[in-house]
Amino acid sequence: MTPSLSAEENRMYNKMWHQTQEALGALLDKEPQKMIEPQRNQVFIFQTLATFYVKYVQIFRNLENVYDQFVHPQKRILIRKVLDGVMGRILELKNEMVELELTEFHYFDDILQDLKLAPQQLDIPIPKYFLKEKLEVIKGREKILAQILADSGIDTSDMKYPVKSIPFDEAVKLIQIAERARQGRLRALFMKQIYLQEYRAKQSKMLGKKVTDTWAAALRIQKVWRRFHQRKETEKLREEEMIFLGMNPPPLFNEVSATVIQAEKVDRLRNEVQIKHEEDYREALVTIKNDLKLIEGVDIKENLQDQIRHWFIECRNLTGTFPDYPDVEEGGSAIIFSDKTIQQEEDEKWKMSPSLFLPAMKEGCNAYKEIWMKKDESWNFSQDYDPELIKEEKRKELQSEIRIQVDELMRQELKNLKLAVDRERERPVKAGKKKDKKGKKGKKKEKKAKKDKDLTADRTIESLYKELVEEGLLIQALKVNLSDYIGEYSYLGTTLRQVSIEPMPSLLDVRQLITLYGIWPLGSAAVHEKAPLVKSLLLAGPSGVGKKMLVHAICTETGANLFNLSSSNIAGKYPGKNGLQMMLHAVFKVARQLQPSVVWIEDTEKTFYKKVPNAEKMNEPKRLKKHLPQILKLLKPDDRILIVGTTRRPFDAELQSFCKVYQKIILVPRPDYASRYVLWKQIIERNGGVLTSALNVSCLAKVTDGFTQGHIVEVVKGVLTDQRIRRQIHKPLTAVEFITAITSMNPVYKEEEESFKNWYAKTPLGKKRALAITGGSTEKAKDKGKRK
């Protein structure tokens, strides 16, 4: 343990863990009490669900931070179990709120105010272990993918900045032109200075002014200087006031401080310690078990045999016959001595679905209370594994293994006893019947197995992977983090809904849904298996709002493979019915083997065209229409595969078929004023721009109403050339430069946004929401728009 990872840090994170566990325990005790009473008041029910949701999010944020910082391997195992449970519970509560409010977007302004939380504390982080724990696998896969692309002649490494070669003579001519232009500019500047000197001399001669009064001259200079000095002083005071009020960032705000650099070093060191402690823990699991086997194995075996013999005698004394030995499927002799305690929870009167994650969280909390809550760890400064806990765990495991061997011996011993005492009680007929039944079951299984044919049984996953890459169906995801999807919260959502106005979602609302429906389930196998299953996701919105970026962000944050099954990408590939079947089989076989995987269908409305345009008939855009519903049915909870469609013209598709394929439909809007303000600031800074008082960002945000993130990025990159970045010191950026550049672009008009809202109102969830707002029956709405 190095000095950088101090005892103070260990104490701090231990304290955070204990506080979070206490908060979780209190919440787990409180949740069933709140939900046991029947309620018909929809507002009260939503407030209850939302309050639990917000509190679980806070617990998750703390636990994720603790899990990332802890180096104790056994604590990390327990925290990981609880962490997965909290994630699953958040998804369950989200699902309940969607069914209750009939919308994907919820607003918690009043709850945040009651709990004294900032909106930023509701932001759902992506667990760092999603990538940390499989970093080597992801790097290896990326290397293989890059190698295949390079061998196939479709290397994408240089596609970002293509260089066009030109003839030598033409290059010399271009250099000469640039040099002559430079000399011309210098000469023009020199001539201008000469002209100004001559002009000033001429003017002084004409006026004939002579400065005779030195006092008057000094007074004039003083006036000018004082005016200049006072203006600078006022500007400085105003700047200090704005910094104090939090309206402007402090000086050197964007510079990386020494503290941040030190923190990064400590993080790297902590990761190394985590890996080392994990390796030591895994080695200890093996060595301690082997030691226990040598030292205690014989005693455990003898004790088990004595217990079972005693049971034989007890049964013989009570019933007059020897008992039947429990089968292996029933658990063998373990079932004889197990404590049979059936815990039946009371049926909830409120129509909330039973949670699959609460038992795991309760189990984790109980383990925390029993083991860690009051454990003295003063001896364990380095936070290495606890050998005593491993012994307890491995002793049980060893006992189970030895029990299997003992069961075989004791089963034979019982058989011999029965042969000696109760020969007439043996029933070989029953055994034969059982065998017949098993044989029949085996036949049924064989029949079932025949139905699922493997079309590529003779091929390896590596060969299929290579083929899909060469065909362009498996593509390299862009390195984009979800945090790069910049936006701001909607602060008026609750207020607008109170007056029956449905607000457009904010960009951060969209980002949270991508985390909940896409990233969390793909990143955690435990969450994906039990949480409400989302197999497919549709991102609908105008061009430039970041739909494609969100798809790539899902892959980046989870290390998922990206398959492109867009109609334009599969056109002409794997022709015919058999070819299409082979393509889909190969894609989903590789996707399952190398999960998590994302199957992306760009411009997915083309797959469900109402009427195929004549220009696109040759490409057969509707090839996947019949197959996608069948594929969704075959996807199981343990298949971490997500189908994501993106569309900018959803109105062109057959609505019924569209909505059958996509379980969750997310409307991605154009940015509102708050999001545009944040976008302009961050994108200018990321591209080398410097924000000064000369640049009115608020004015930019107001003037660019209707323009998307794509427009803003394009304009900023166009204005901030290398030359303009260098000139910022002498000539600060102004809003006019960006406004002039954006005038040539077409914004997303209000009518287009309304057309998306009207389309969404026709979807199943949109219909139910509209009916609920207009005062219709919620139950009728649910029945009307119900989908499998």
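How many contacts beyond four places in sequence does the model have for residues 157-163, where pLDDT stays under 50? The number is zero. I begin there since this is a predicted model, and its confidence deserves a word before its architecture. Where pLDDT is low, the predicted coordinates should not be read in detail. For the chain as a whole, the mean pLDDT is 83, with 87% of residues at 70 or more.

Let me turn to the sheet. It is open and mixed in its pairing, with six strands in the order β1-β3-β4-β5-β2-β6. The edges are held by β1, residues 474-475, and β6, residues 664-667; each has a single partner strand, so one side of each is left without a neighbour in the sheet. The partner strands β2, residues 536-540, and β6 run parallel and are joined by four bridges. Within this pairing, Leu537 has Lys664 of β6 as its bridge partner.

Helix α16, residues 507-523, lies across β2, β4, β5 and β6, and runs at about 145° to β6.

Finally, a helix pair. Helix α23, residues 673-686, packs against helix α25, residues 709-719, at an angle of about 35°, the axes being 10 Å apart. The crossing of α23 past α25 is right-handed. On the α23 side, the contact involves Leu679, Trp680, Ile683 and Ile684; these meet Gln709, Ile712, Val713, Val715 and Val716 of α25. By class, this contact comprises eight nonpolar residues, one polar and no charged.

Notes. Residues numbered from 1 in each chain as written. Predicted model: local features only at pLDDT ≥ 70, side-chain atom pairs only at ≥ 80, totals over all residues. Heavy atoms only, no water. pLDDT = per-residue confidence, 0-100. Contact = heavy atoms within 4.5 Å. Axes fitted to C-alpha atoms, helices over the stretch in contact; angles between N-to-C directions. Helix = DSSP H or I, 4+ residues; strand = E, 2+ residues; numbered from the N terminus. Left-handed = near helix turned anticlockwise from the far one by under 90°. Nonpolar A, V, L, I, M, F, W, Y, C, P; charged D, E, K, R; others polar. Pairing = 2+ DSSP bridges.
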